[in-house]
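Thanks for making the time, everyone.

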Amino acid sequence: MNILKKRGAKHSSFTDVEEADGDKTVHLSCVADCLTTLRKIPDGSIQLIVCDPPYNINVAEWDDISNYVDWAALWLQEVERVLASTGNLVLFGGLQYQNEAGSGDLLSLVSWVRQNSSLLLVNLIIWNYPNGMGAQRFFSNRHEEIFWFGKSKKYYFDLDAVRTKLDPKTLAIYKKDKRLNPENLEKGINPTNVWQIARLNGNSKERVGHPTQKPAELIRRIVRSMSYKGSTVLDFFAGSGVTTRVALEEGRHSIATDIDPNFLNFLDRQLSKVEGGDRSSIDAEFLESFDGPIHPAFKS
Ligand SMILES: C[S@@+](CC[C@H](N)C(=O)[O-])C[C@H]1O[C@@H](n2cnc3c(N)ncnc32)[C@H](O)[C@@H]1O
């Protein structure tokens with residue numbers, strides 16, 4: 001990696017993927033249990049899994065799971081199977097919830113992955129937000145953790161797609177440092193593993209009504225850097241449908257399902273925010289194999 005870095009070259013996985021133009025993409029969405037979805041997906045077919053599971057702290061009806069780790073083990077096994085060799089998994093959570101999550105939390109999931117799978121931990125990303133609840137008996141929490149695992153050492157990573165642009169003054173200062181590659185500086189700097197992105201406020205225009213909706217900006221950085229145009233992004237705890245929206249905008253195919261029947265209404269609202277007309281199409285065969293309701297936009 002260091003030699004690549006000196007040459008300003010990309011990660012080796014770039015040689016293993018074939019980018020498509022991403023103009024016409026397929027988006028599958030329906031109401032389904034996570035295991036139903038996963039068991040229909042062929043081995044090695046998914047580039048990126050955005051996984052934001054129930055936190056097991058009772059924020060909603062779906063958020064109270066007995067035997068949390070045993071349950072999670074069932075879908076984590078499938079995750080490893082469906083990921084492509086260049087694939088990535090991002091696992092969201094919040095360590096601050098650990099006392100409330102009686103039968104398991106993010107740490108217990110991460111520990112399960114490390115002990116029972118061959119997925120490689122690439123980064124722990126800290127999602128740092130300026131807005132949140134105040135506290136009196138401890139420091140107010142202002143971050144959540146996102147664990148990034150690669151399926152193999154050839155995991156795909158496109159740093160250039162997410163570099164932070166430098167303003168002209170800072171760029172000129174950085175360019176004086178001979179240790180830094182001027183060509184890369186022009187492209188922008190590594191955004192690091194601490195991401196400052198605001199949470200969605202209650203009155204945010206982006207909100208579609210889901211209680212734990214993630215900002216599109218956060219999902220976009222993940223999708224741009226860990227998948228490529230024409231590859232497939234999977235979200236089987238899709239919630240508000242934000243992953244479908246971002247995949248559509250970024251020229252990736254997507255599969256997004258959730259057990260909550262409201263998912264299709266949330267998704268409607270997400271898709272109404274997508275500019276650029278109809279860029280989606282239907283995979284009728286895959287959809288027909290589901291028993292649950294399917295988003296009307298994806299019916300033939
Ligand atoms: C933390 S939320 C995901 C939020 C989503 N990332 C977003 O930004 O909108 C977890 C979701 O998991 C869903 N869920 C809970 N149990 C499930 C199951 N067994 N199968 C599929 N989805 C489930 C819930 O309905 C909820 O929408």
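Let me begin with Asp258, where a polar side-chain atom sits 2.6 Å from an oxygen atom of the ligand, a polar contact being a pair of N or O atoms within 3.5 Å. This is a predicted model, in which local features need pLDDT of at least 70 and side-chain atom pairs count only at pLDDT 80 or more, while totals for chains, interfaces and linings use all residues. Residues are numbered from 1 along each chain as its sequence is written, and side-chain values use heavy atoms, with hydrogens and water left out.

Two further aspartates face nitrogen atoms of the ligand: for Asp52, an N or O atom of the side chain is 2.7 Å from a ligand nitrogen, and for Asp33 a polar side-chain atom lies 2.9 Å from a ligand nitrogen. On its own the ligand exposes 610 Å², of which the protein buries 97% (accessible areas by the Shrake-Rupley method with a 1.4 Å probe).

Around the ligand there are 22 residues, and those that come nearest are Asp52, His210, Lys214, Ser240 and Asp258, where near means having a heavy atom within 4 Å. By class, this shell holds twelve nonpolar, five polar and five charged residues, with Asp, Glu, Lys and Arg counted as charged and Gly among the polar ones.

Turning to the helices (DSSP runs of H or I, at least four residues), the axes of H7, residues 216-226, and H8, residues 242-250, come within 9 Å and cross at roughly 55°. The crossing of H7 and H8 is right-handed, that is, the near helix is turned clockwise from the far one by less than a right angle.

Terms used
Polar contact = N/O pair within 3.5 Å; in protein donor to acceptor, adjacent residues only side chain to side chain. Axes fitted to C-alpha atoms, helices over the stretch in contact; angles between N-to-C directions. Helix = DSSP H or I, 4+ residues; strand = E, 2+ residues; numbered from the N terminus.
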